[in-house]
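Visitor: Hi! Could you walk me through this structure, one piece at a time?
Guide: Happy to. Have a look at it, and then ask away.

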Amino acid sequence: MDSESGSISELFQLERNARPCLCDTEENEVALCTDTTANFVNYSAEPTRSSIAFDGTVSPLFVSYSRPYLLVCMAKTIDVFNIFDQKKLQTINFNNAAATASDGSRVFVANVGRVFCLEPIPFQEQVQELVQSKRVEEALQLFNLSTTIKGKPREEAERSIYRHAGFVMFHDLQFKQAKEYFLKAELSANEVLQYVPDVLPKGSRIKAAEKTLKDIVEEGVSSRSWIDDPTASKEKFMMEGRFYIAAFLKTMRQRLVSQNREGELEVADTSLCLLIAQMHASKLREKEAKKPQELTNIELFLDRKNSVSVRDVAPALERHGLFNALALLYKSRGDTVKALEMWKRLGEGKVQEPHRDGIAPTIELLQSMDDSDLLWSFSPWVLARD
(Lines give C-alpha, C1' and ligand atoms only; values in the text may rest on other atoms or scores of the structure.)
Protein backbone atom coordinates (compact mmCIF):
# COMPACT_ATOMS: atom_id res chain seq x y z
CA MET A 1 0.00 0.00 0.00
CA ASP A 2 1.19 3.49 -0.90
CA SER A 3 0.58 5.52 2.25
CA GLU A 4 0.28 8.78 0.32
CA SER A 5 -1.94 7.75 -2.56
CA GLY A 6 -3.75 4.90 -0.87
CA SER A 7 -3.17 2.62 -3.88
CA ILE A 8 -2.74 -1.08 -3.20
CA SER A 9 -0.60 -3.54 -5.19
CA GLU A 10 -1.48 -7.21 -4.78
CA LEU A 11 1.72 -9.28 -5.00
CA PHE A 12 0.50 -12.87 -4.61
CA GLN A 13 -2.26 -14.87 -3.03
CA LEU A 14 -1.79 -16.73 0.24
CA GLU A 15 -3.30 -19.98 1.33
CA ARG A 16 -5.89 -19.73 4.07
CA ASN A 17 -4.28 -19.37 7.52
CA ALA A 18 -0.87 -18.70 5.90
CA ARG A 19 1.44 -16.50 7.97
CA PRO A 20 3.51 -14.14 5.80
CA CYS A 21 6.71 -12.58 7.12
CA LEU A 22 8.99 -9.95 5.61
CA CYS A 23 12.11 -7.84 6.12
CA ASP A 24 14.11 -5.12 4.37
CA THR A 25 17.10 -6.40 2.38
CA GLU A 26 18.93 -4.13 -0.05
CA GLU A 27 18.06 -0.49 -0.67
CA ASN A 28 14.48 -0.18 -1.92
CA GLU A 29 13.98 -3.95 -1.63
CA VAL A 30 11.92 -6.21 0.62
CA ALA A 31 11.91 -9.99 1.09
CA LEU A 32 8.35 -11.35 1.37
CA CYS A 33 8.09 -14.95 2.55
CA THR A 34 5.22 -17.36 2.04
CA ASP A 35 5.05 -20.98 3.17
CA THR A 36 7.28 -22.12 0.31
CA THR A 37 9.25 -19.19 -1.09
CA ALA A 38 10.93 -15.88 -0.39
CA ASN A 39 10.12 -13.28 -3.03
CA PHE A 40 12.11 -10.09 -3.53
CA VAL A 41 10.37 -6.93 -4.68
CA ASN A 42 10.99 -3.19 -4.63
CA TYR A 43 8.67 -0.64 -3.08
CA SER A 44 6.69 -0.53 -6.31
CA ALA A 45 5.97 -4.26 -5.97
CA GLU A 46 8.23 -5.13 -8.92
CA PRO A 47 10.38 -8.29 -8.69
CA THR A 48 14.07 -7.51 -8.15
CA ARG A 49 15.70 -10.96 -8.21
CA SER A 50 14.91 -14.68 -8.37
CA SER A 51 12.92 -16.22 -5.53
CA ILE A 52 14.28 -18.59 -2.90
CA ALA A 53 12.49 -21.92 -2.51
CA PHE A 54 12.29 -23.47 0.95
CA ASP A 55 12.78 -27.17 1.65
CA GLY A 56 10.14 -29.30 3.29
CA THR A 57 6.67 -28.41 4.44
CA VAL A 58 7.47 -26.25 7.51
CA SER A 59 6.49 -22.59 7.14
CA PRO A 60 8.93 -19.84 8.10
CA LEU A 61 8.28 -18.09 11.40
CA PHE A 62 10.54 -15.07 10.99
CA VAL A 63 13.01 -13.71 8.46
CA SER A 64 15.99 -11.36 8.92
CA TYR A 65 18.73 -9.97 6.71
CA SER A 66 22.49 -9.76 7.30
CA ARG A 67 24.03 -8.53 4.09
CA PRO A 68 24.07 -10.52 1.79
CA TYR A 69 22.40 -13.37 3.71
CA LEU A 70 18.73 -14.04 4.35
CA LEU A 71 18.14 -15.90 7.64
CA VAL A 72 14.87 -17.81 7.72
CA CYS A 73 13.68 -19.10 11.11
CA MET A 74 11.76 -22.36 10.91
CA ALA A 75 10.33 -24.32 13.83
CA LYS A 76 13.59 -26.10 14.66
CA THR A 77 16.24 -24.51 12.43
CA ILE A 78 17.57 -21.26 10.99
CA ASP A 79 18.37 -21.58 7.29
CA VAL A 80 20.92 -19.17 5.79
CA PHE A 81 20.59 -18.24 2.09
CA ASN A 82 22.69 -16.05 -0.22
CA ILE A 83 20.24 -13.69 -1.92
CA PHE A 84 22.49 -13.29 -4.99
CA ASP A 85 22.46 -16.91 -6.13
CA GLN A 86 19.55 -18.09 -3.94
CA LYS A 87 21.59 -21.00 -2.57
CA LYS A 88 21.25 -22.31 0.96
CA LEU A 89 24.62 -22.06 2.65
CA GLN A 90 24.02 -23.18 6.22
CA THR A 91 21.48 -24.68 8.62
CA ILE A 92 21.65 -23.80 12.32
CA ASN A 93 19.73 -25.86 14.86
CA PHE A 94 17.46 -23.58 16.89
CA ASN A 95 14.16 -24.47 18.54
CA ASN A 96 11.12 -22.30 19.19
CA ALA A 97 12.21 -18.93 17.83
CA ALA A 98 9.91 -16.25 19.19
CA ALA A 99 11.30 -13.11 17.52
CA THR A 100 14.19 -11.82 15.41
CA ALA A 101 15.84 -8.46 14.77
CA SER A 102 18.83 -7.28 12.74
CA ASP A 103 21.12 -4.27 12.72
CA GLY A 104 22.22 -4.98 9.14
CA SER A 105 25.08 -7.25 10.17
CA ARG A 106 24.23 -9.07 13.40
CA VAL A 107 20.97 -10.97 13.78
CA PHE A 108 19.32 -11.36 17.20
CA VAL A 109 17.11 -14.40 17.72
CA ALA A 110 15.00 -14.87 20.84
CA ASN A 111 13.23 -17.89 22.27
CA VAL A 112 11.17 -18.02 25.46
CA GLY A 113 14.08 -17.54 27.87
CA ARG A 114 17.07 -16.11 25.96
CA VAL A 115 18.28 -13.81 23.21
CA PHE A 116 21.05 -15.07 20.95
CA CYS A 117 23.29 -13.03 18.67
CA LEU A 118 24.39 -14.45 15.32
CA GLU A 119 27.35 -12.76 13.64
CA PRO A 120 28.66 -13.41 10.11
CA ILE A 121 32.13 -14.88 9.63
CA PRO A 122 34.64 -12.02 9.20
CA PHE A 123 34.46 -10.48 5.74
CA GLN A 124 37.98 -11.45 4.66
CA GLU A 125 37.42 -15.08 5.65
CA GLN A 126 34.16 -15.23 3.70
CA VAL A 127 35.84 -13.85 0.59
CA GLN A 128 38.77 -16.26 0.85
CA GLU A 129 36.45 -19.22 1.34
CA LEU A 130 34.39 -18.27 -1.71
CA VAL A 131 37.50 -17.87 -3.87
CA GLN A 132 38.93 -21.17 -2.64
CA SER A 133 35.70 -22.90 -3.67
CA LYS A 134 36.01 -21.22 -7.12
CA ARG A 135 32.98 -18.97 -6.55
CA VAL A 136 34.92 -15.90 -7.59
CA GLU A 137 32.01 -13.80 -8.81
CA GLU A 138 30.26 -14.27 -5.46
CA ALA A 139 33.45 -13.27 -3.68
CA LEU A 140 33.63 -10.09 -5.74
CA GLN A 141 29.97 -9.34 -5.09
CA LEU A 142 30.57 -9.70 -1.37
CA PHE A 143 33.68 -7.54 -1.65
CA ASN A 144 31.75 -4.81 -3.45
CA LEU A 145 29.10 -4.84 -0.72
CA SER A 146 31.70 -4.01 1.90
CA THR A 147 31.99 -0.32 2.69
CA THR A 148 35.35 -0.53 4.49
CA ILE A 149 38.43 -2.70 3.91
CA LYS A 150 40.82 -3.13 6.80
CA GLY A 151 44.59 -3.16 6.37
CA LYS A 152 45.01 -2.12 2.72
CA PRO A 153 43.60 0.23 0.04
CA ARG A 154 40.46 -1.02 -1.69
CA GLU A 155 42.14 -1.39 -5.09
CA GLU A 156 44.93 -3.47 -3.58
CA ALA A 157 42.42 -5.66 -1.74
CA GLU A 158 40.55 -6.31 -5.00
CA ARG A 159 43.79 -7.27 -6.76
CA SER A 160 44.50 -9.69 -3.91
CA ILE A 161 41.19 -11.42 -4.60
CA TYR A 162 42.03 -11.79 -8.29
CA ARG A 163 45.52 -13.01 -7.40
CA HIS A 164 44.15 -15.69 -5.08
CA ALA A 165 41.52 -16.65 -7.67
CA GLY A 166 44.16 -16.93 -10.39
CA PHE A 167 46.28 -19.37 -8.40
CA VAL A 168 43.21 -21.43 -7.45
CA MET A 169 42.16 -21.71 -11.10
CA PHE A 170 45.71 -22.46 -12.24
CA HIS A 171 45.98 -25.38 -9.82
CA ASP A 172 42.57 -26.59 -11.07
CA LEU A 173 43.92 -26.66 -14.66
CA GLN A 174 41.60 -23.79 -15.67
CA PHE A 175 44.45 -21.92 -17.31
CA LYS A 176 42.44 -19.52 -19.46
CA GLN A 177 40.50 -18.18 -16.47
CA ALA A 178 43.68 -18.09 -14.39
CA LYS A 179 45.33 -15.89 -17.02
CA GLU A 180 42.43 -13.42 -16.91
CA TYR A 181 42.59 -13.19 -13.12
CA PHE A 182 46.39 -12.81 -13.16
CA LEU A 183 46.05 -9.84 -15.51
CA LYS A 184 43.36 -8.22 -13.36
CA ALA A 185 45.59 -8.76 -10.32
CA GLU A 186 48.45 -7.06 -12.20
CA LEU A 187 50.62 -10.00 -11.24
CA SER A 188 54.31 -9.71 -12.05
CA ALA A 189 55.76 -11.92 -14.77
CA ASN A 190 58.09 -13.48 -12.20
CA GLU A 191 55.19 -14.85 -10.14
CA VAL A 192 53.88 -16.76 -13.16
CA LEU A 193 57.26 -17.82 -14.54
CA GLN A 194 57.98 -19.73 -11.32
CA TYR A 195 55.70 -22.45 -12.73
CA VAL A 196 57.88 -22.98 -15.83
CA PRO A 197 61.49 -22.90 -14.58
CA ASP A 198 62.67 -24.73 -17.70
CA VAL A 199 62.21 -21.55 -19.79
CA LEU A 200 63.92 -19.15 -17.41
CA PRO A 201 67.14 -17.55 -18.72
CA LYS A 202 70.43 -18.63 -17.19
CA GLY A 203 71.30 -16.71 -14.07
CA SER A 204 67.68 -15.83 -13.33
CA ARG A 205 66.93 -15.32 -9.64
CA ILE A 206 63.37 -16.58 -9.97
CA LYS A 207 62.91 -19.69 -7.85
CA ALA A 208 60.84 -22.59 -9.12
CA ALA A 209 57.44 -22.98 -7.48
CA GLU A 210 56.97 -25.81 -5.01
CA LYS A 211 54.71 -27.36 -7.65
CA THR A 212 55.58 -26.52 -11.25
CA LEU A 213 53.20 -26.64 -14.21
CA LYS A 214 54.27 -30.22 -14.86
CA ASP A 215 53.55 -31.24 -11.25
CA ILE A 216 50.15 -29.51 -11.28
CA VAL A 217 49.16 -31.23 -14.52
CA GLU A 218 50.35 -34.63 -13.26
CA GLU A 219 48.29 -34.30 -10.07
CA GLY A 220 45.29 -32.78 -11.82
CA VAL A 221 45.03 -35.49 -14.45
CA SER A 222 45.62 -38.26 -11.90
CA SER A 223 42.78 -36.96 -9.72
CA ARG A 224 40.30 -37.00 -12.61
CA SER A 225 39.25 -40.64 -12.73
CA TRP A 226 36.96 -40.03 -15.70
CA ILE A 227 39.89 -39.32 -18.06
CA ASP A 228 40.32 -42.27 -20.44
CA ASP A 229 43.74 -41.41 -21.85
CA PRO A 230 45.90 -39.80 -19.11
CA THR A 231 48.99 -39.48 -21.34
CA ALA A 232 47.16 -37.53 -24.05
CA SER A 233 45.37 -35.43 -21.43
CA LYS A 234 48.64 -34.50 -19.74
CA GLU A 235 50.08 -33.38 -23.07
CA LYS A 236 46.92 -31.36 -23.79
CA PHE A 237 46.93 -29.62 -20.39
CA MET A 238 50.68 -28.93 -20.61
CA MET A 239 50.10 -27.29 -23.99
CA GLU A 240 47.22 -25.22 -22.61
CA GLY A 241 49.26 -24.20 -19.59
CA ARG A 242 52.18 -23.03 -21.73
CA PHE A 243 49.84 -21.28 -24.15
CA TYR A 244 48.10 -19.17 -21.50
CA ILE A 245 51.32 -18.37 -19.66
CA ALA A 246 52.65 -17.14 -23.02
CA ALA A 247 49.45 -15.14 -23.56
CA PHE A 248 49.91 -13.56 -20.11
CA LEU A 249 53.52 -12.65 -20.90
CA LYS A 250 52.54 -11.09 -24.25
CA THR A 251 50.18 -8.73 -22.45
CA MET A 252 52.49 -8.07 -19.52
CA ARG A 253 55.48 -7.18 -21.71
CA GLN A 254 53.61 -4.12 -23.00
CA ARG A 255 53.44 -2.79 -19.45
CA LEU A 256 57.15 -3.50 -18.94
CA VAL A 257 58.00 -1.69 -22.17
CA SER A 258 55.97 1.38 -21.20
CA GLN A 259 57.64 1.45 -17.77
CA ASN A 260 61.18 0.95 -19.16
CA ARG A 261 61.79 -2.07 -16.93
CA GLU A 262 64.50 -3.57 -19.12
CA GLY A 263 65.71 -6.24 -16.69
CA GLU A 264 62.26 -7.74 -16.20
CA LEU A 265 61.50 -7.33 -19.90
CA GLU A 266 64.53 -9.43 -20.89
CA VAL A 267 63.39 -12.24 -18.59
CA ALA A 268 59.80 -12.04 -19.85
CA ASP A 269 60.76 -11.90 -23.56
CA THR A 270 63.32 -14.69 -23.27
CA SER A 271 60.89 -16.97 -21.43
CA LEU A 272 58.10 -16.10 -23.84
CA CYS A 273 60.28 -16.99 -26.81
CA LEU A 274 61.32 -20.31 -25.25
CA LEU A 275 57.68 -21.13 -24.44
CA ILE A 276 56.64 -20.53 -28.03
CA ALA A 277 59.56 -22.66 -29.22
CA GLN A 278 58.37 -25.49 -26.95
CA MET A 279 54.90 -25.27 -28.44
CA HIS A 280 56.37 -25.48 -31.93
CA ALA A 281 58.27 -28.56 -30.86
CA SER A 282 54.93 -30.03 -29.75
CA LYS A 283 53.68 -29.76 -33.33
CA LEU A 284 51.63 -26.63 -32.80
CA ARG A 285 53.26 -25.09 -35.85
CA GLU A 286 51.31 -27.20 -38.35
CA LYS A 287 48.04 -25.83 -36.92
CA GLU A 288 49.38 -22.30 -36.69
CA ALA A 289 50.84 -21.73 -40.18
CA LYS A 290 47.85 -22.14 -42.46
CA LYS A 291 49.89 -21.08 -45.50
CA PRO A 292 53.59 -21.83 -46.05
CA GLN A 293 54.43 -18.16 -46.67
CA GLU A 294 52.88 -16.94 -43.43
CA LEU A 295 55.16 -16.08 -40.55
CA THR A 296 54.54 -18.18 -37.47
CA ASN A 297 53.99 -16.64 -34.04
CA ILE A 298 57.62 -16.99 -33.01
CA GLU A 299 58.82 -15.46 -36.30
CA LEU A 300 56.44 -12.52 -35.92
CA PHE A 301 57.68 -11.98 -32.37
CA LEU A 302 61.39 -12.10 -33.30
CA ASP A 303 60.92 -9.98 -36.41
CA ARG A 304 59.99 -7.02 -34.16
CA LYS A 305 61.86 -5.15 -31.47
CA ASN A 306 62.35 -7.43 -28.47
CA SER A 307 64.59 -7.95 -25.46
CA VAL A 308 65.29 -11.65 -25.95
CA SER A 309 68.60 -12.98 -24.60
CA VAL A 310 70.36 -14.38 -27.67
CA ARG A 311 72.66 -16.65 -25.65
CA ASP A 312 69.62 -18.35 -24.03
CA VAL A 313 67.34 -18.52 -27.04
CA ALA A 314 69.65 -19.25 -30.00
CA PRO A 315 70.57 -22.82 -28.90
CA ALA A 316 66.89 -23.66 -28.27
CA LEU A 317 65.79 -22.36 -31.68
CA GLU A 318 68.50 -24.37 -33.40
CA ARG A 319 67.65 -27.46 -31.34
CA HIS A 320 63.96 -27.19 -32.34
CA GLY A 321 64.83 -26.62 -36.02
CA LEU A 322 63.51 -23.04 -36.06
CA PHE A 323 66.30 -21.67 -38.26
CA ASN A 324 64.31 -18.90 -39.92
CA ALA A 325 63.28 -17.60 -36.49
CA LEU A 326 66.92 -17.70 -35.41
CA ALA A 327 67.92 -15.62 -38.45
CA LEU A 328 65.21 -13.10 -37.58
CA LEU A 329 66.55 -12.93 -34.02
CA TYR A 330 70.02 -12.11 -35.33
CA LYS A 331 68.51 -9.53 -37.66
CA SER A 332 66.57 -7.88 -34.79
CA ARG A 333 69.88 -7.53 -32.95
CA GLY A 334 71.55 -5.88 -35.92
CA ASP A 335 73.80 -8.90 -36.54
CA THR A 336 73.10 -9.00 -40.27
CA VAL A 337 76.03 -11.29 -41.10
CA LYS A 338 74.78 -14.08 -38.82
CA ALA A 339 71.24 -13.62 -40.14
CA LEU A 340 72.41 -13.89 -43.77
CA GLU A 341 74.62 -16.87 -42.96
CA MET A 342 71.67 -18.72 -41.40
CA TRP A 343 69.45 -18.04 -44.42
CA LYS A 344 72.28 -19.20 -46.67
CA ARG A 345 72.52 -22.47 -44.75
CA LEU A 346 68.77 -22.91 -45.26
CA GLY A 347 69.01 -22.08 -48.96
CA GLU A 348 71.89 -24.46 -49.59
CA GLY A 349 70.16 -27.27 -47.70
CA LYS A 350 72.77 -27.52 -44.94
CA VAL A 351 69.89 -27.19 -42.47
CA GLN A 352 66.25 -27.82 -43.28
CA GLU A 353 62.96 -26.34 -42.13
CA PRO A 354 59.57 -26.90 -43.83
CA HIS A 355 58.54 -24.05 -46.16
CA ARG A 356 61.68 -22.03 -45.39
CA ASP A 357 64.48 -21.60 -47.97
CA GLY A 358 65.93 -18.23 -46.92
CA ILE A 359 65.69 -16.68 -50.41
CA ALA A 360 63.03 -13.98 -49.87
CA PRO A 361 64.36 -12.64 -46.54
CA THR A 362 67.92 -12.58 -47.93
CA ILE A 363 66.85 -10.53 -50.96
CA GLU A 364 64.77 -8.20 -48.76
CA LEU A 365 67.64 -7.60 -46.33
CA LEU A 366 70.27 -7.06 -49.05
CA GLN A 367 67.99 -4.59 -50.85
CA SER A 368 67.63 -2.56 -47.64
CA MET A 369 71.41 -2.28 -47.16
CA ASP A 370 74.12 -0.22 -48.81
CA ASP A 371 76.96 -2.70 -48.31
CA SER A 372 78.60 -3.98 -51.48
CA ASP A 373 80.75 -6.52 -49.61
CA LEU A 374 77.70 -8.27 -48.14
CA LEU A 375 75.95 -8.07 -51.51
CA TRP A 376 78.84 -9.85 -53.27
CA SER A 377 79.16 -12.37 -50.43
CA PHE A 378 75.51 -13.46 -50.15
CA SER A 379 73.90 -12.82 -53.54
CA PRO A 380 75.62 -15.64 -55.53
CA TRP A 381 73.83 -18.50 -53.79
CA VAL A 382 70.46 -16.73 -54.28
CA LEU A 383 71.17 -16.21 -57.98
CA ALA A 384 72.24 -19.84 -58.31
CA ARG A 385 68.98 -21.01 -56.73
CA ASP A 386 66.89 -18.62 -58.80
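Visitor: Where does Ser 66 sit?
Guide: Ser 66 is found in strand S5. Keep in mind as we go that this is a predicted model.

Visitor: Is Ser 66 buried or exposed?
Guide: Ser 66 is buried, because its relative accessibility is 5% and the cut-off for buried is under 20%.

Visitor: What does the side chain of Ser 66 reach?
Guide: The backbone oxygen of Ser 105, at 2.3 Å. Setting aside residues up to four places away in sequence, Ser 66 touches Leu 71, Gly 104, Ser 105, Val 107 and Pro 120.

Visitor: Which residues does strand S5 cover?
Guide: Strand S5 covers residues 62-66, and Phe 62 is part of it.

Visitor: And is Phe 62 buried or exposed?
Guide: Phe 62 has a relative accessible area of 18%. Buried means under 20%, so Phe 62 counts as buried.

Visitor: Which residues is Phe 62 in contact with?
Guide: Leaving out neighbours within four places in sequence, the contacts of Phe 62 include Arg 19, Cys 21, Leu 71, Val 72 and Cys 73. Ala 97, Ala 98, Ala 99 and Thr 100 are also in contact with Phe 62.

Visitor: What lines the largest cavity?
Guide: Its lining is made of Pro 68, Tyr 69, Asn 82, Phe 84, Leu 130, Glu 138, Gln 141 and Leu 142. By class, that lining has five nonpolar, two polar and one charged residues.

Visitor: Which helix gives the most to that lining?
Guide: Helix H2, residues 136-145, gives the most, with three residues.

Visitor: Let's jump to Thr 270. Where is Thr 270?
Guide: Thr 270 is in helix H8, which runs over residues 262-281. Thr 270 counts as buried because its relative accessibility is 0%.

Visitor: Which residues are buried in helix H11?
Guide: In helix H11, residues 310-319, the buried ones are Asp 312, Val 313, Ala 314, Ala 316 and Leu 317. Just after H11, Gly 321 takes a positive phi of about 75°.

Visitor: What is the mean pLDDT of the chain?
Guide: The mean pLDDT is 85, and 91% of the residues reach 70 or more.

Visitor: Which elements have the lowest and highest mean pLDDT?
Guide: Helix H9, residues 285-288, has the lowest at 47, while helix H4, residues 175-184, has the highest at 95. Over residues 284-291, pLDDT stays under 50.

Terms used. Residues are numbered from 1 along each chain as its sequence is written. This is a predicted model: local features need pLDDT of at least 70, side-chain atom pairs count only at pLDDT 80 or more; totals for chains, interfaces and linings use all residues. Side-chain values use heavy atoms; hydrogens and water are left out. Helices (H or I, at least four residues) and strands (E, at least two) are DSSP runs, numbered from the N terminus. Buried means under 20% relative accessible area, exposed over 50%, partly exposed in between (1.4 Å probe, protein chains only). Contact means heavy atoms within 4.5 Å. pLDDT is the predictor's confidence in each residue, from 0 to 100. On a 1 Å grid over the protein atoms alone, a cavity is a set of points where a 1.4 Å probe fits but cannot get out, and a pocket is an open set with protein on both sides within 12 Å along at least five of seven lines; lining residues have an atom within 4 Å of a point. Ala, Val, Leu, Ile, Met, Phe, Trp, Tyr, Cys and Pro count as nonpolar, Asp, Glu, Lys and Arg as charged, and the others, Gly among them, as polar. A polar contact is a pair of N or O atoms within 3.5 Å; within protein, one must be able to donate a hydrogen and the other to accept it, and residues adjacent in sequence count only if both atoms are side-chain atoms.
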